[in-house]
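Below is a walk through selected parts of one structure.

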Amino acid sequence: MTERPAGVATHCPYCALQCAQTLTPTPRERLPLEVAGRDFPTNRGGLCQKGWTSAEVLRARDRITSPMIRTADGGFRKAGWDEALDLIAGRVEQLQAESGREAIAIFGGGGLTNEKAYALGKFARVVLRTPFIDYNGRFCMSSAAAASNRAFGMDRGLGFPLADLGGADAVLILGSNMGVTMPPFVQHLAGARERGGLVVVDPRETVTAKLASGDQGEHLAPVPGTDMVVLLALTHIVLAEGLADLQYLEKRTSGLDDVRRSVAGWWPERAEAVCGIPAEQLRSTARLLAQASPVHGGRGAYVLTGRGMEQMSQGTACVTAAINLALCLGLIGREGSGFGPVTGQGNGQGGREHGQKSDQLPGYRMITDPAARAHVAGVWGVDPETLPGPGVPAVRLLDSLGRDGGPRALFVHGSNVVVSAPNADAVVESLRRLDLLVVSDLVPSETALLADVILPITQWAEEEGTMTNLEGRVIRRRKATDAPGEARSELWILGELARRLGVDRGFPEDPATVFDEMARASAGGVADYSGITYARLDAGEELQWPCPATDGTPHPGTPRVFLERFNTPDGRARMIAVDHHAPADDVRPGARTYLVTGRVLQHYQSGAQTRRVDELNAAQPESFVEVHPLLAERIGLAEGEDAILTTPRGEAVATVRVTEAIRPDTVFMPFHWAGAGSANRLTNDVTDPISGMPEFKVTAVTIARASVPDSTVPLGVSVS
Amino acid sequence: MNVVVIGNGMVGSRFVDDLVARDPEARVTVLGKERHLPYNRVLLSSVVAGKTVPESLAMATADSDRVRTLTGVPAIDVDREARTVTDAAGGVHPYDRLVFATGSQARIPSIQGVATDRGLLPGASVLKDLDDAQGIVGALPKARRAVVLGAGVLGLEVATGLAARGLAVTLVHHADRLMERQLGSAASQIAAGSLERLGVRVVTETSVARVLDRRGVLSAVTLTDGTEVLTDLLVMCAGTIPEAALARRAGLPCERGILVGADLGSPIDSHVFAIGDCAQPPEGGSGLVAQGWDQGKRLVDAWVRADAPVAASTDLGEADDDELDPTNVVRVKALGLEVVTMGLSGKFDHGERELRAVRMADPAIGRFVEVVVSHGLLVGATIVGDKQCASELSAMYTRMLPVPSDPAHLIIRPLAGAGRPAAVAVEDMADDHTVCQCNSVPKGRIVAAVADGCTSVDEVSRATRASTGCGDCRSLVGDIIRTCGAAAEAGASADAEGKVPALAGK
């Protein structure tokens, strides 16, 4: 028996937990390598089914292995790199000549490595010189980021090591179902569960909500769109019952009086009628959190938010309300307690720090800040005056494509907007209006299939780079196998395109070189990586940003942020009063049911990768809609039948799953599928005024049997 | 546009906040009678009960240089021809639009001896403003007994609150049942039972006839049936009277309150409006803050939409039922006494053909639920002693969500989170039962792994990936391994001892 090659230490290709993996090359097998979990502070060796099967995507049957160019008959033909890149560069120059630099736009992704995200932002600003770049993180973390930035002057995701959760008496989770989306995370909730302190707020009795069952904690199931009311009521109770940490509030925050007044109108009995949670349960929850807080001698408490409450047109305000509650309890910037949004995408954190966002430059700098422009332009060796200003957030960007004055060409990297963006039918229309769509992808995703040119790229185990996980920890992605065919890294592609568009330098292919430049660009910014090097990471150092460069002893990174001060001019956290408003598309006569959307364990985001893994597909083969038995009975739906769901945006058909684990006024659809079962054909593209986050998580919907026999009209249909 | 708002309470202040936020042209003068900035009057009973610190009552106010707020300055005259309001300090405020938000005052019943030259007899009080609440709280250290007059929502809250503070409380009520506007007798009896358990003595069909004092301080009350009740406190919760005196003097038509149309405007003066407790709209005033807030919002909506007509009080859609007012939810805030009513409740025509009224009474544990359904929608409910049901029904009622085809489902089980399947014993688990959610591993595959020779959880994990995700099923996998082993053993010995293998693992 021949000895196996040594394993390569890397991390999972999927979510922001970035579970550690060991990849062992298996040159003679069907798959090029074998995956195993590796001990690490976040996943402690655990992997979910997605992670275990991740090697399958390397050899997806329809993996794109050479550039593809659309043919006159609507199909694709293989092409060489030179032909494809020359074609793209030529078209770009032509469109720029006709319509100016704003004719070209870029749409990035939160799954790209830090190096790629950085290079993409630089490519937009230096080569294309277009303001129009944004990314799918807008659909993910933008509300949480906006709320953290305005409260703390900084957004580090979890401002503490994940493992800290284990020591707390209470963990309040709003709108996150990590039991399904990032299962190994659940290990860190064991302590709170043992002590009866896990509180899960979710309209569904999710896998995560079930972890709080019995004497392990509480599950609050609010009416969709009312998480904000739960938070305002909890804060009301904490203040009204004298449970707040007044000393902390006095010393470390500003704005308490405004917040106190703003929650005065949300007494529990009023909140109850809006959110559907009994007033007494709100009280007992507030007391549970207070008892866990340091001011009352508890071992600590954490408030965690997820997309369920952030993907709302009041998402930023929702997160602000969560922050206000945590501040009232004196949790933030204290070891053993804290607040944090649970980042979703693999590099959702790093992806929002290095310039993919329409208004940002590397290091989490604002593109409107003259000092930031000067610094970054210096690193890039360009005149600050040549840097474009801010663009527009994702939903507006997508909507503007091909319209009068809008971009005529779009580059898509690491995103499948046809499935993952709200109001999906409208997104397809937008992409069809373009003169040029270039999609870099592993597989012919639904978005790639609309492209004029598809560029095959490397992924995960085929490349080197860094990711920044949900705790702001910078980790190494390492190569374990070669990419098939002609697939190349985006770093190489961007360099080649830059050269063809007249920029000869500044776009190296080597990730370590890119990282070093990115670290310099980030120096002095909020997300300061300048003290981090591949060498330090490869030596096994655990580094969470900020980690500035030093002259002497290297900076050890910052596991816990805000221990001394917040990153605001006066060092205090800003409490900002917020209030609740109903969803933009609320239930009404004709659409009396709420639709909420979310995920299943076996699929990741738009499913472009996971739908190509047989084992995952077998477990979750198709779109479905969860319906409570009472609702199913009233509108005449049975398990396994097709239901048709309709909103003003579109129509979807999905298989009915009858379950008591959902409110009777609500139905749930996962959004991983394209076509007739695509949940995002229904979702509302109204956005949060601050973050640009779409309201994925709640809309009114009409639901009925896909075909109703002529003779029988189900009881109650007249009012549905 | 110059707007003068008379009244700086919960309704007036919120209206002003909303107005200046949405109408950039509006300049507002607010005249507030009380010294305090607006505060949450609904929570005064919680202050009395000791559940809420008074500092947390202050409410948000408009933050705009287009708002001028005068506190402690009541309006004393309205000149509708000149369109000015004169305040007690002599200030004259011209208006294009005038909004009355003067609220209501506590009704003081005619009780012999309660009113003195210097106000109410010390020990006797109403509970209408912050000063009242602080007065009652201030008297508590020396008080052992209290009489609460009136068993409406406020009376119940005060009675239970004082009882929770350890006072011996007698609740005196003129009608034959509690909250007679909202509760029928069955529900009232059950609520009364709960009150007795909380230490509140309930006396119905009587009232307080006179108060007795010792050295100028309340010492007892005499009821209309002649009974004397020793007491240190008398809190009169005998309803409210809309504050309409100023409007009346200005010649505006008033009945109980200031008459306004569906547009919240006075029928005789297009410049004058009234919202909140002082107003008497066509559907009548409910005395609930939700109604006042809804009116304020509708008024702002109408003004900013270039004088579009004010929307009806509710968007009734196809169900044009008069009773369906989503703001009409009455909720008693009392620890240990859960009473919620909405829409149709108490006495109504149960024989009405369009209505389905389903009720459940469970006096032994103090529970009563009645739901009233019309055309597939919940149009009324009465809930005593069932928190989960109350919250689900009120969320459903305020949104006009459709009910299950059999309304009984609204009562017999909570609507969410119920019906959890009983835990399945390992032995009874089907082979396709998913044991490890994170890796979709069914029981059958674990059993097979054991059959293949795995003897520990780690070995099974390696073979099947079970419990390699969140790890939550680790102990379950252990149980399955043990039952497999025991079953194997039992199976081996079953022939000899004649035991039933299926029971072996228990």
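In chain A, strand 19 and strand 20 (residues 473–477) run antiparallel to each other and are joined by 4 bridges. One facing pair is M467(A), which stands opposite I475(A) of strand 20 of chain A. In general, the strands of a sheet are held together by backbone hydrogen bonds, in a parallel or an antiparallel arrangement. The coordinates discussed here come from a predicted model.

The pair belongs to an open sheet of 3 strands in chain A, ordered 19-20-21 and paired antiparallel. Strand 19 and strand 21 (543–544) of chain A are the edge strands; each has a single partner strand, so one side of each has no neighbour in the sheet.

Helix 21 of chain A itself spans residues 511–522, 12 residues in total. From first to last C-alpha it reaches 16 Å, close to the 16 Å expected at 1.5 Å a residue.

Which residues of helix 21 of chain A are buried? They are P511(A), V514(A), F515(A), E517(A), M518(A), A519(A), A521(A) and S522(A). An α-helix has 3.6 residues a turn, so residues three or four places apart point the same way. Just after helix 21 of chain A, G524(A) adopts a positive phi of about 85°.

The next topic is the interface. On the chain A side, 52 residues are in contact with 49 residues of chain B. The elements of chain A that give two or more residues to this side are helix 1 (49–52), helix 9 (227–240), helix 11 (256–264), helix 12 (268–275) and helix 24 (629–635). Helix 11 of chain A gives the most, with 4 residues. Sorted by class, the side of chain A that touches chain B holds 25 nonpolar, 13 polar and 14 charged residues.

Confidence comes last. The model scores ipTM 0.86 and pTM 0.91. Chain B has an average pLDDT of 88, and 90% of its residues score at least 70. In chain B, pLDDT stays under 50 over residues 314–323, where the model has 17 contacts beyond four places in sequence. Residues 493–506 of chain B also stay under 50, with 15 such contacts. Where pLDDT is low, predicted coordinates should not be read in detail.

Notes: Residues numbered from 1 in each chain as written. Chains lettered and ligands numbered in written order. Predicted model: local features only at pLDDT ≥ 70, side-chain atom pairs only at ≥ 80, totals over all residues. Contact = placed C-beta atoms within 7 Å. Nonpolar A, V, L, I, M, F, W, Y, C, P; charged D, E, K, R; others polar. Expected span 1.5 Å × (residues − 1). Buried ≥ 20, exposed ≤ 12 C-beta atoms within 10 Å, placed from the backbone. pLDDT = per-residue confidence, 0-100. Pairing = 2+ DSSP bridges.
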